[in-house]
Amino acid sequence: MSIIEFRKAGLALAHEFAKQLGAMWQRLKRIFTRRITDAAFFAELEDTLLAGDVGPTLTAEWLAQVRKEKTPETVDQTLRGLMHAALAPLTPSPPAADAAPTPAPYVILILGVNGAGKTTTIAKLAHHFQQHGRRPLLVAGDTFRAAAIEQLQVWGGRLQLPVIASTPGADAGAVAFDGVRAAVARGHDVVLIDTAGRLHTRVPLMDELAKVQRVIGKALPGAPHERWCILDATIGQNALAQVQQFHERMGLTGLILTKCDGTAKAGAVFTLARTIPLPIHFIGSGEQIESLAPFTPAAFIERLLGNTAVTT
């Protein structure tokens, strides 16, 4: 199989996977089109919530509330209210999407495991801040993966933004230091620093992240002002362990959810809100530069449930 054929096969599998993910929450929409609430109704509702990775504890609590309702319409309304209440602690205040970052330069360190979509998300963030009149500077701090440096440089070229980078294998802390100092010297007001993807269980790599953070503080006292962890929305409850480890070592200030075009496991966000209530600043869906939206509970729930109507 050629490289082109291999990529086409991979894309086909990804599209099919996304369809399967969406179908799970579509099942919930179909439940609410029923005319009566009986044992089968609530059994399927429970199965769907568990399959969506809401978790057994929260699912049981929600079911105890919605079982009091008499019609599918009121079950739908009550469930949405419970979801809104659960997500309230994750709402940024003030929203990073609206607030002008201060002080300048405002340094944001981007963290996460391999494959979460950090580099692409940085480009989306840069575009977002550009649209809000900011002057971002990108820092290719993922010196472990040569392709990450090239990828960020390509995005920088498309967005007409400068990228501070070094050679593969260079000291990530030194690159971050140079990036922050360059932002100060050139008058940039936002600095977005990429980091190498790493498993949250690998202690030496987590130690290296802590070192990068200390070096940034030497380049600009008080920086980094934000430490955002990128989470793949399709991994479900596994996200909880990732966030816990990164938060303990780095003191996270927020999260960004990626791959929200497939939402089978997105129910884990509700459990996350209870266990580690860090603000979610953005959600990403798709590869387009515009495919990043500020997080709001209403928008997230609409993505999962959409508009439902009872059939006659």
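1. In this predicted model, Phe 32 is buried, at a relative accessible area of 1%. Phe 41 is buried as well, with a value of 0%.

2. The search over the whole structure returns 6 aromatic pairs. For Phe 32 and Phe 41 the ring centres are 6.3 Å apart and the planes meet at 55 degrees, so this pair is classed as tilted.

3. A single aromatic cluster is made up of Trp 62, Phe 270, Phe 295 and Phe 300. Elsewhere, a charge sits over a ring: the charged end of Arg 158 is placed over Trp 155, 4.9 Å from the ring centre.

4. Asp 53 has phi of about 70 degrees and belongs to the loop between α2 (39-51) and α3 (56-66). Its relative accessibility is 15%, so Asp 53 counts as buried. Gln 160 has phi near 60 degrees and is found in the loop between α6 (146-159) and β3 (163-164). With 72% relative accessibility, Gln 160 counts as exposed.

5. The backbone contains a cis peptide bond from Ala 223 to Pro 224, with omega near -5 degrees. Pro 224 is located in the loop that runs between α8 (203-219) and β5 (226-232).

Technical notes. Residues are numbered from 1 along each chain as its sequence is written. This is a predicted model: local features need pLDDT of at least 70, side-chain atom pairs count only at pLDDT 80 or more; totals for chains, interfaces and linings use all residues. Side-chain values use heavy atoms; hydrogens and water are left out. Rings of Phe, Tyr and Trp (its six-membered ring) pair if their centres lie within 6.5 Å; planes under 30 degrees apart count as stacked, over 60 as edge-to-face and the rest as tilted. Buried means under 20% relative accessible area, exposed over 50%, partly exposed in between (1.4 Å probe, protein chains only). A charge sits over a ring if NZ of Lys or CZ of Arg is within 6 Å of the ring centre and within 35 degrees of the ring normal. Helices (H or I, at least four residues) and strands (E, at least two) are DSSP runs, numbered from the N terminus.
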